[in-house]
Every structure is written in C-alpha cells, then in structure tokens.
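Dear colleague,

I am passing on the structure below, and after it you will find some notes on what turned up. Please read them alongside the model.

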Amino acid sequence: MAKIAPYFAVQELDNNGDPLAGGKIFTYEAGTTTNKDTYDSSDESSVNTNPIILDSAGRADIWLISGAYKFIIKDSNNVTIKTIDNIVGDAANVFGSE
C-alpha cells in the first residue's frame, strides 16, 4: 500500500509566499532523472501524471510507493522553485503510514 508523501503535509508556495497555482512537481527516483510513479490515493489505483499539476491552492494528492524519490518543483512557467531529494515512501511511522 502506498504511503502519503510526508513532504506534502503543507501546500506549495511560490517565492512570494502565494499558492503555487498551476505549479508542477516532477517525480524521479532519488538522485536521478528517471521518472518514478506516484499515486492519487493509498490503493494505488490511479497513477498521477508526471509532472503533477498543482491545483489553484498549490496542492495535490501524492502517495508514494517504496523507495526514495526526488521531487523537482517548478512554477507554471517551468522555473524551478526547489528540489528535494531522498523523500522516502516506505519509512515506518511517517504521516499516513498504517
């Protein structure tokens, strides 16, 4: 079963502190540029697009499978806001784990 991305307990903001409406989250295997799937629910029934497009509030449902991820977060114009590497999907006792 997928685990909720611990990084996504908050919404994404742009560099001005506004919601990153229409922003994009690219998901890769940690340390690489190899795409890695995420899901929109814990039952893994629907794969998110890659990149994931954030809603008007800068949010998205992102569930991870086992292994580590790298997220590259960009605004709607493809300007990189930040990169986070080694987000772990299978760590015990993370937010959303069972």
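The accessible surface of the chain comes to about 5,300 Å², with 45% of that area belonging to carbon and sulfur atoms (Shrake-Rupley method, 1.4 Å probe; for residues, only the protein chains shown count as cover). Please note that this is a predicted model, in which local features need pLDDT of at least 70 and side-chain atom pairs count only at pLDDT 80 or more, while totals for chains, interfaces and linings use all residues. Residues are numbered from 1 along each chain as its sequence is written, and side-chain values use heavy atoms, with hydrogens and water left out.

The chain has six strands and zero helices, where strands are DSSP runs of E of at least two residues and helices runs of H or I of at least four, numbered from the N terminus. Of the 98 residues, 35% are buried, that is, under 20% relative accessible area with a 1.4 Å probe, protein chains only. Among contacts (heavy atoms within 4.5 Å) with a separation of 6 or more, 63% join residues 24 or more positions apart.

The charged end of Lys36 sits over the ring of Tyr69, 4.4 Å from its centre, and Lys74 lies over the face of Phe26, at 5.2 Å from the ring centre; the criterion is NZ of Lys or CZ of Arg within 6 Å of the ring centre and within 35 degrees of the ring normal.

Best regards

Technical notes. Buried < 20%, exposed > 50% of the residue type's maximum accessible area, 1.4 Å probe, protein only.
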